[in-house]
Amino acid sequence: MTAPATTRAPGSAPEAAPAPQALYVYGITPAGVRTPRSAGVDGAPVRLLTESGLCAAVSAAPPRLRPRRRDLLAHQSVLDELAAQGPVLPMRFAVLSPRTDVLHSQLRSDAAHLTAQLDGVRGCVELNVKGMVVPGHFADLVRRDDKLRTLALRTRRRPDYEANVRLGEAIALGVRREARRAAQEVVDRLAPLAVRTVQGATDDEQVLSASFLLRSADEPRFREAVAEQARDRGDRLALSVTGPLPCYSFVDPRPAAPAGR
């Protein structure tokens, strides 16, 4: 079938060609993977762009991109299908490329870097370990800390509002200090079991957030080690493990710029 021809008035400007639609990018894999069957973000079908021995999993970018739960789950489902087939460089939610030709060009120019990144995560998974402060062990802390014990006795003998505030602040500071020390001990114990370790942001409550790149075969041993650390340091630190995850924390999809640029 042929679309009917259109006419325009003499002297009028030609109609502008429609702008190419942006692409939503899920991840990059070696060439040869199967196209994910899961629907992509906004329900769009996923397709693969192949260039220089690499594949980029993409779909049409939605007009409005918001972190809705269904779209976050769709993003993860596509990555899960890719990861089940081999190494993948996962993009975080909402990474876009303006046009197909731009993405082809990036794959071509960065092929060596991206291939090296894929080799670095081949056969690996990411597990994230978090540690939260356990506030209930302050009684033992007061018994062991001479300064806190002296402050507690002084407050008990001459109780007032300011003294209670000072004691409370001192105990909270001591609890966090002990929890941070325990968190570092946990990382020191777990890091030798991993290929690489990256520590993330922490705060006064969550004093440990670390991602570990593990060989898939080492995951059971790693989980056992986390459980052991949870038993040994559970009075100071509440540990949790998330994963296995795509290796978000251990990939850099673009090479570093040369020095001086």
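Helices (H or I, at least four residues) and strands (E, at least two) are DSSP runs, numbered from the N terminus. The model is predicted, so local features need pLDDT of at least 70 and side-chain atom pairs pLDDT 80 or more, whereas totals for chains, interfaces and linings use all residues. Residues are numbered from 1 along each chain as its sequence is written, and side-chain values use heavy atoms, with hydrogens and water left out.

Select residues 69-83, helix α1. Next, colour D71, A74, H75, V78, L79 and L82, which are buried in α1 (under 20% relative accessible area, with exposed over 50% and partly exposed in between; 1.4 Å probe, protein chains only). Looking down the axis, these buried residues line one face of the helix, because they fall within an arc of 130° (taken from the directions from the helix axis to the C-beta atoms). R69 and R70, on the other side of α1, are exposed.

Now select V129, L190, L208, F212, F222 and L237, the residues with the most contacts (heavy atoms within 4.5 Å) inside the largest nonpolar core, which has 23 residues. Such a core is a set of buried Ala, Val, Leu, Ile, Met, Phe, Trp, Tyr and Cys residues joined through side-chain atoms within 4.5 Å. Helix α6 gives the largest share of this core, seven residues.

Finally, show I28, L49, L114 and F250, which belong to a second, separate core of 20 residues.
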